[in-house]
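Please keep the structure open beside them and find each element as it is named.

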Amino acid sequence: MPTLNSVPVRVGSRVLSTGSYRPDQIVTNDDVAGLIDSSDEWIRERSGIVERRRCAPGESVTDMAVAAGAKAIAKSGIAPELISMVLVATVTHPYQTPAAAPEVAFRLGAINAAGADLGAACAGFCYSLGLADSMIRSGAAEYVLVIGVEKFTDFVSPTDRGTAFIFGDGAGAALVGPSDHTGVGPTLWGADGEQKDLITMSQSWSEYRLEPRDEFPYVQMSGQQVFRWAVSEVPKIAMRTLEASGVTVNDLTAFIPHQANMRITDAVVRALKLPEHVVVGRDIETTGNTSAASIPLALDRLRQADQLPSGGLALLIGFGAGLVYASQVIELP
Amino acid sequence: MSQTLEGLAAIVNEVAGTPIEDITAEKSFVDDLDIDSLSMVEVVMACEDKFGVSIPDGEVKNLRTVGDAVAYIDAQS
């Protein structure tokens, strides 16, 4: 029997750089409030959102992913040809096939990269980062470009009171590469499919084909139940992640949770008893909830504002439709 | 003031900042105490912790007033 070769494993991986893209068009609460019989004040109180961004007509998920990815690559100084894998976390790429990643890799000049999309909704970035870390340490990949991108404009009903004001468009990216020490801590991840209906589409594509309604299938959410789940479970997941990495809240420079709702972030921060010095990602205020893109967008904005010193530790936690969650502590680039 | 009402008033005060003396049995959470749907979830979760009861999602909408919540908690515990 012949024996199979294996590739050498590596000690660790780390995030080398980040990049982001926010569409130019700003949509205020007053812009969305009319169609849902709401108001600026009501939206701010319920979500902490003041405005969100919207794609220009014709601007696509892949356009945003390329824009964010290009910035991360440029800042890393790594040649795009060296990238082994492009992972695009998204639930709003409007093609059943092909996936976004091959096109994104091609447009970025990552001609030697494999490419695949990952559908883990608001946990998509942390899922992809966990995979990138595993691939690099196992030797399956050297440099992995992780992109979270969403264009919710295509999948939100402007008249749905539970979601119309929450979601926005945008993209964030991180280039992950080999490291001589652990720069991405153990990823804690999980899924609870019993609660699949809490955040779901109004119709499946096949139902829509057989029985088209007036409205295109759109995202629906049981807000109160999701809030309850998040406020009760996210702090526990966060604590388990810290424990797995062997650090405590006192060791953190930043806490960057998925930007689901400011009220969820506030409740989780309280439950975790975060010390004052920990910078908390609150990008939702001007970006809305951008699902898979929200963590890298928040991370990149805080880095651009010089609020996150290189080498500090950041706790990331994504959670959302599925239900799914993923979390890890990373060393800041 | 019953012990349950006292405990619930402390929770509502913590979640919404409502003065304790304003939190009486006939008050409606939404109309009188400025408790919106998300704050109500926080109140319910805090009640579960404090009183060791279970208040399922389906039951929350029936708890319109402070008195409704006190009666539900007392019946459970």
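1. Please bear in mind from the outset that the model is a predicted one.

2. These two strands belong to an open sheet of five strands in chain A, which has mixed pairing and the order S8-S14-S13-S11-S12. At its edges stand strand S8 (188–191) and strand S12 (279–280) of chain A, and because each has a single partner strand, one side of each is left without a neighbour in the sheet. As a reminder, strands of a sheet pair through backbone hydrogen bonds, and they may do so in a parallel or an antiparallel manner.

3. H10(A), in turn, lies across strand S11 (254–257), S12 and S13 of chain A, and runs at about 150° to S11(A).

4. Chain A also holds an open sheet of five strands with the order S1-S7-S6-S4-S5, again with mixed pairing. Here strand S1 (12–21) and strand S5 (114–118) of chain A are at the edges, each with a single partner strand, so that one side of each has no neighbour in the sheet. Neighbouring strands of this sheet are turned against each other by 20° on average, when direction is ignored.

5. Within that sheet, strand S6 (residues 143–151) and strand S7 (residues 169–179) of chain A run antiparallel and are joined by eight bridges, and A:Ile147 has A:Ala173 as its bridge partner in S7(A). Helix H10 (residues 294–304) of chain A packs on this sheet, where it touches S1, S6 and S7 of chain A, with a direction that makes about 85° with that of S1(A). Helix H5 (residues 124–138) of chain A lies across S1, strand S4 (83–89), S5, S6 and S7 of chain A, and runs at about 170° to S6(A).

6. How do helix H7 (residues 223–245) and helix H8 (residues 262–272) of chain A pack, and at what angle? Their axes are 9 Å apart and the angle is about 40°, and H7(A) and H8(A) are therefore oblique to each other. The crossing in which H7(A) passes H8(A) is right-handed. Among the residues that make the contact are A:Phe227, A:Val231 and A:Pro235 of H7(A), together with A:Ile264, A:Val268 and A:Leu272 of H8(A). By class, the residues of this contact are 11 nonpolar, with no polar and no charged ones.

7. The contact between the chains takes 10 residues from chain A and seven residues from chain B. On the side of chain A that touches chain B, helix H2 (40–47), H7 and H8 each supply at least two residues, and the largest share, six residues, comes from H7(A). That side of chain A has three nonpolar, three polar and four charged residues.

8. Finally, consider chain A as a whole, with its 10 helices and 14 strands. Its radius of gyration is 19 Å, close to the 20 Å that the globule rule gives for 333 residues, so chain A is as compact as a globular protein of that length. The C-alpha trace of chain A spans about 65 × 45 × 40 Å along its principal axes.

Key:
Residues are numbered from 1 along each chain as its sequence is written. Chains are lettered from A and ligands numbered from 1 in the order in which they are written. This is a predicted model: local features need pLDDT of at least 70, side-chain atom pairs count only at pLDDT 80 or more; totals for chains, interfaces and linings use all residues. Axes are lines fitted to C-alpha atoms, for helices over the stretch in contact, and angles run from 0 to 180 degrees between N-to-C directions. Helices (H or I, at least four residues) and strands (E, at least two) are DSSP runs, numbered from the N terminus. Angles under 35 degrees count as roughly parallel, over 145 as roughly antiparallel, 65 to 115 as roughly perpendicular and the rest as oblique. A crossing is left-handed if the near helix is turned anticlockwise from the far one by less than a right angle, and right-handed if clockwise. Two residues are in contact if their C-beta atoms, placed from the backbone, lie within 7 Å. Ala, Val, Leu, Ile, Met, Phe, Trp, Tyr, Cys and Pro count as nonpolar, Asp, Glu, Lys and Arg as charged, and the others, Gly among them, as polar. Two strands pair if DSSP finds at least two bridges between them. The radius of gyration is taken over C-alpha atoms; the globule rule is 2.2 Å times the number of residues to the power 0.38.
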